[in-house]
Amino acid sequence: MFTNNMSQQRPASSSTPHKTTIVIKLGTSSICDEETFDPKLASLSLLVETIIKLRKENYHVIIVSSGAVGTGLRSVGLRKRPKSLGEKQAVAAVGQGRLMALYYQLFGYFGVGIAQVLLTRDCLAERAHYLNARNTFRHLLRLNVVPIVNENDTVNSSELRFGDNDTLSAITAGMVDADYLFLLTDVECLYTDNPRTNPAAEPVRLVTDVAELRTRVNVDSPGSGIGTGGMVTKLVAADLASAAGCRTIITLGSAPEKIPNILAELAEHRRIAKSSPSTPPVAYEPTMGTHFLPRENALLDRKWWILHGLGVSGTIYLDAGAVHAVTRRERSSLFAVGVARVSGYFNAQQSVRLVTLVKTPDDTEEREVEVGKGLVNYSSAEIARIKGHKSGEIEALLGYIDSGCVMHRDSIVVTTTGIDISTITLKGAGRNKNPTRSDDEKDPEIPTEIHSVERSRRDRSHSRSTSRSPRYRDRDDLHRDHREQDRDVGRRRRDYNDADSSRRTSRSSPDRKLRGRRRSRSPSSRSLSSRSSRSSSSNSSSSSSSSASRHRRTKKKKSRKEKDQYKSSKSKKDKKDKKQKKKEKKDKKRKKSSSSSVAARYGAHGILTAADMYRKEAEFRTWLVEVKDVNPEMLDNYKMKNVFLEYMEEYNTATLPPKYYDLDKWEREQSIRQRAEAGGDDAIPEFSIMNDEENLKQHSKALRAGKLPELNYSADQLAELKQVSDDRVAADRLRKMGFVPKDSLGVRYERD
Ligand SMILES: N[C@@H](CCC(=O)OP(=O)(O)O)C(=O)O
């Protein structure tokens with residue numbers, strides 16, 4: 001009835017051309033002998049030789065290697081895997097060093113460096129750590145080093161474990177955007193049943209749907225005696241990896257030299273398919289290993305991280321309206337009004353399962369169905385308080401509002417779609433209110449106060465910081481300098497223009513005009529003049545009268561000339577004034593726009609203060625690694641704070657590349673762009689709060705028939721709980737930074 005349809009996609013092709021990346025996972029059984037725990041040197045050497053070959057063929061290779069416990073067992077002289085966690089951790093601590101020494105030696109023969117990467121689930125649970133790990137892998141591969149990954153057994157408590165290295169290898173493959181995940185095991189491929197006990201078991205070569213495969217094969221084999229995995233964990237791993245867009249291949253650990261053959265067979269198939277395009281395309285029938293095809297709708301990195309990188313801390317039960325809203329194509333955020341129940345204890349920003357209850361077909365029972373998983377904006381106690389209520393009521397209920405929704409749609413990963421809404425038995429805690437028309441009309445799911453608070457905060461910080469920031473002063477100076485330069489250029493231009501205009505004017509100077517006018521005088525006047533000159537020359541007797549008339553003429557001419565000159569100089573002056581005025585106006589405009597652009601740019605992405613170091617941790621750390629080339633883990637708290645001031649300055653003056661303002665947003669945009677570039681037609685629509693509001697309005701209009709929730713906590717208690725929760729987060733951060741927080745920080749005392 002339900003489909004496992006992940007609609008958010010990882011782009012089919014990455015924007016940056018990358019080498020094909022292969023993750024190879026070796027189980028304990030491929031490393032140690034099951035009886036003696038001696039290292040399997042022959043197959044390990046073969047593996048190393050194969051990896052060297054693959055590197056020569058331009059592949060990036062990462063190894064995920066089990067075997068710490070197995071290798072340690074031999075070293076400490078134990079004959080079987082210990083039962084207690086502490087003992088296992090101790091044995092793994094002994095074995096891990098030896099295991100790395102073995103790899104070091106083998107790769108050393110080829111002059112290839114290796115790196116040990118020990119991961120835990122909780123170290124990937126924080127987005128910043130996840131991104132750091134990903135960066136480390138990228139750098140290691142760029143350095144031509146072979147990363148060798150294992151779970152950090154020594155520090156792991158049972159609930160923080162990946163549990164098996166099959167899962168860890170899939171998570172690693174997803175993290176590094178690997179193209180292939182090879183799971184090396186003690187069988188050549190997957191069989192429909194255990195081939196050791198059932199001779200009728202048939203090989204499975206190609207898997208397109210893991211869920212479907214589970215229905216037709218028996219994968220109960222527990223795995224080897226010394227490892228922890230088996231086929232079950234391999235299927236989980238293959239499912240994870242294919243959700244991340246990676247092809248998984250199960251094959252024999254004792255014959256690693258088959259890996260290049262498998263890749264060659266695939267490449268050959270692709271070559272044939274490309275050279276003779278046919279419809280339907282030529283089906284690929286692998287002859288080696290079991291291949292799990294990458295899912296076409298691979299998840300975006302962040303969503304994949306939410307789904308697979310994080311451990312789940314609790315459960316939120318959704319009513320039918322909420323299920324419909326979060327699972328339909330135009331996804332909505334999860335609002336408190338659609339929450340029917342909360343279970344477990346969790347804090348804001350932890351990962352929580354979203355489930356609902358549906359009637360069984362015979363209507364006799366209820367069955368829990370997982371809808372998805374996501375990061376919450378409120379703690380379990382807060383959600384218990386606000387469930388069933390509109391977002392506009394959150395502030396009144398809690399005394400504060402952190403977000404208009406319980407879970408933002410970008411933080412939700414839907415795992416099941418197509419749920420028949422009519423079978424859902426859960427009712428929203430607040431949906432029993434009789435909706436009136438006016439209720440619907442004033443259904444402000446995102447209260448306007450949030451916007452005004454945001455705005456006023458931004459305004460405040462802007463006005464505060466414009467006078468405070470030295471960078472701003474620098475930029476102001478810079479702009480002043482630029483304006484000075486502009487003025488110089490302007491002056492030079494003006495000089496040039498003036499010279500030019502004088503050149504131009506000289507061409508049309510009064511003299512010239514006069515000359516022109518003279519030249520253009522009417523033929524009658526010309527004839528008159530010539531006549532008069534002729535008459536003057538011909539009639540010398542009338543010299544006095546002619547001299548008088550000459551004098552008169554000269555005078556007239558002079559006055560005309562003066563008049564013309566005056567007129568021309570006046571028009572020249574006017575022109576100059578006009579030009580000057582125009583220039584002044586232009587300067588003023590430029591000055592205004594340049595100063596307003598500085599103001600607009602300053603704080604354009606918000607204003608950070610030193611207190612925001614943790615809020616912007618992911619962006620800051622990524623910037624540290626990528627821009628400053630500094631490993632954050634190498635910085636002590638003091639240095640970290642100092643470098644953060646630098647980041648803060650860059651941030652506030654809006655001089656950073658877009659990525660470092662909002663990493664998640666940047667990743668989303670990248671993915672959309674990449675998909676668009678790849679010609680994908682399934683672009684994710686831009687998120688808009690208004691859409692969400694509208695969607696929610698519609699859906700709350702349609703479904704409003706529950707009861708008012710029974711509130712478990714008073715507003716005071718909730719405020720106290722929030723304080724305790726914040727203090728715990730602060731204490732945790734202090735601990736991570738190497739401080740010892742006060743014992744009382746984050747401890748809640750029961751009142752009488
Ligand atoms: N971290 C453990 C891995 C345990 C494990 O998953 O083993 P396996 O099932 O053989 O892959 C070790 O190194 O021994």
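Guide: Cys 246 is buried, with a relative accessible area of 1%, and Cys 405 is buried as well, at 7%; here buried means under 20% relative accessible area, exposed means over 50%, and partly exposed is the range in between, with a 1.4 Å probe and protein chains only. The structure holds 0 disulfides, a disulfide being a pair of cysteine sulfur atoms within 2.5 Å. This is a predicted model, in which local features need pLDDT of at least 70 and side-chain atom pairs count only at pLDDT 80 or more, while totals for chains, interfaces and linings use all residues. Residues are numbered from 1 along each chain as its sequence is written, and side-chain values use heavy atoms, with hydrogens and water left out.

For orientation, the protein chain has 25 helices and 15 strands, where helices (H or I, at least four residues) and strands (E, at least two) are DSSP runs numbered from the N terminus. Buried residues make up 44% of its 752 residues.

The sheet is open and has 8 strands in the order E3-E4-E2-E1-E5-E9-E10-E8, with mixed pairing; two strands pair if DSSP finds at least two bridges between them. Its edges are E3 and strand E8 (206-207), each of which pairs on one side only. Within this order, strand E1 (residues 21-26) runs parallel to E2 over 6 bridges, and Ile 24 has Ile 63 in E2 as its bridge partner. E1 is also joined to E5, again in parallel, by 5 bridges, with Val 23 opposite Leu 181 in E5. E5 in turn pairs in the parallel sense with strand E9 (residues 247-252) over 6 bridges, and the partner of Thr 185 in E9 is Leu 252.

How much of E5 is buried? Of its 6 residues, 6 are buried, and the covering applies to both faces: Tyr 180, Phe 182 and Leu 184 lie on one side, with Leu 181, Leu 183 and Thr 185 on the other. As a general background, nonpolar side chains in soluble globular proteins tend to be buried together.

The largest nonpolar core has 53 residues, and Leu 119 and Phe 292 are those with the most contacts inside it; such a core is a set of buried Ala, Val, Leu, Ile, Met, Phe, Trp, Tyr and Cys residues joined through side-chain atoms within 4.5 Å. Among the elements that give two or more residues to this core are strand E2 (60-65), strand E3 (114-119) and strand E5 (180-185), along with helix H6 (127-142), helix H7 (165-175) and helix H11 (301-309). Apart from it lies another core of 38 residues, including Leu 318, Ala 322, Met 407 and Ile 419.

Just after H3, Gly 77 takes a positive phi of about 80 degrees. Gln 96 belongs to helix H4 and is buried at 8% relative accessible area. Leaving aside residues up to four places away in sequence, Gln 96 touches Ala 68, Gln 116, Leu 118 and Asn 150, contact meaning heavy atoms within 4.5 Å.

The model has 8 aromatic pairs, counting rings of Phe, Tyr and Trp (its six-membered ring) whose centres lie within 6.5 Å, with planes under 30 degrees apart called stacked, over 60 edge-to-face and the rest tilted. Phe 620 and Phe 644 form an edge-to-face pair, 5.0 Å centre to centre with 85 degrees between the planes. Phe 620 lies in helix H21 (residues 617-626) and Phe 644 in helix H22 (residues 637-652), so the pair ties together parts that are 24 residues apart in sequence. Phe 620 is buried at 1% relative accessibility, and Phe 644 is likewise buried at 1%.
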